[in-house]
Amino acid sequence: MASILLTDDVPVVRMTVRRFLERGQHRVEECSSAAEAETLLGGRPFDLLVTDLWMPGRDGLTLIGWVKANRPGLPIIAITGGAPRAPQLFSMEEAARVGADRVLMKPVGMQELLAAVSALAPSAAKE
């Protein structure tokens, strides 16, 4: 079981991804912005970050950069439906460039997500 921070500005996406992760027996804390995620990451340990890329204010790319600088070693899964006025491939490449360990396209499937979590979070693989 992994402790996962989930960041997405769209409530229905957060709800869906949270349910997928909880069905995999993971503990999930959720938030709706990069700023909120940084606060949570600064205050308690997590095994993994799952973040959307394109959010109002500071985006997921900025959050990934912050995590790489402030929480090195924390695995990151980026999920994206693509950028406004940019193809999905651009989003995938940008997420990988700034340091996401995995990039999954929306709509993400439960098995795909849980497989990525198991591959990246050592505590998830023990279950």
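This report describes selected helices, strands and loop residues of a predicted model.

## Helix α1 and its surroundings

Helix α1 comprises residues 11-23. Its 13 residues span 18 Å from the first C-alpha to the last, close to the 18 Å expected at 1.5 Å a residue. Four of its residues, R14, V17, F20 and L21, are buried. They lie on the same side of α1, because the arc they cover around the axis is only 130°. An α-helix has 3.6 residues a turn, so residues three or four places apart point the same way. On the other side of α1, by contrast, P11, V12 and R23 are exposed.

The cover over the buried residues of α1 includes the strands β1, β2 (27-31), β3 (48-52) and β4 (76-80), together with α5 (110-120). The axes of α1 and α5 come within 10 Å and cross at roughly 60°. This angle means that α1 is oblique to α5. The crossing of the two helices, α1 and α5, is right-handed. On the α1 side the contact is made by V17, F20, L21 and R23, and on the α5 side by M110, L113, L114 and V117. Of these α1 residues, V17, F20 and L21 are among the buried ones, whereas R23 is exposed.

After α1 comes Q25, which is placed in the loop between α1 and β2.

## Helix α3 and its packing on α4

Helix α3 (residues 60-70) packs with helix α4 (residues 88-98) at an angle of about 15°, and their axes are 9 Å apart. The two helices, α3 and α4, are therefore roughly parallel. As α3 passes α4, the crossing is right-handed. The residues that meet are L61, I64 and K68 in α3 and E94, A95 and V98 in α4.

The buried residues of α3 are G60, L61, L63, I64 and V67. Because they cover an arc of only 160° around the axis, they fall on the same side of α3. They pack against β1, α2 (34-43), β3, β4 and α4. Two of them, L61 and I64, also take part in the meeting with α4.

| Helix pair | Crossing angle | Axis distance |
|---|---|---|
| α1 and α5 | roughly 60° | within 10 Å |
| α3 and α4 | about 15° | 9 Å |

T7 belongs to strand β1, which runs over residues 3-7. T7 counts as buried because its relative accessibility is 0%. Beyond residues up to four places away in sequence, T7 touches C31, S32, S33, A34, A37, L49, V50, T51, D52, M55 and L63. One of these, L63, is also a buried residue of α3, and the buried residues of α3 pack against β1 among other elements.

V103 is found in strand β5. With a relative accessibility of 19%, V103 counts as buried, because the cut-off is under 20%. V103 and G81 are 22 residues apart in sequence and 11 Å apart in space, C-alpha to C-alpha. Leaving aside neighbours within four places in sequence, V103 is in contact with A78, T80, M92, A95 and A96. Among these, A95 is also one of the α4 residues that meet α3.

## Loop residues around β5

G99 is placed in the loop between α4 and β5 (102-105). G99 counts as buried because its relative accessibility is 18%. Its contacts, leaving aside neighbours within four places in sequence, are I64 and K68. Both I64 and K68 belong to α3 and also meet α4. G99 and I77 are separated by 22 residues in sequence and by 9.6 Å in space, C-alpha to C-alpha.

In the loop between β5 and α5 lies P107. The peptide bond joining K106 and P107 is cis, with omega about 0°.

Methods:
Residues numbered from 1 in each chain as written. Predicted model: local features only at pLDDT ≥ 70, side-chain atom pairs only at ≥ 80, totals over all residues. Heavy atoms only, no water. Buried < 20%, exposed > 50% of the residue type's maximum accessible area, 1.4 Å probe, protein only. Contact = heavy atoms within 4.5 Å. Expected span 1.5 Å × (residues − 1). Arc of directions from axis to C-beta. Axes fitted to C-alpha atoms, helices over the stretch in contact; angles between N-to-C directions. Parallel < 35°, antiparallel > 145°, perpendicular 65-115°, else oblique. Left-handed = near helix turned anticlockwise from the far one by under 90°.
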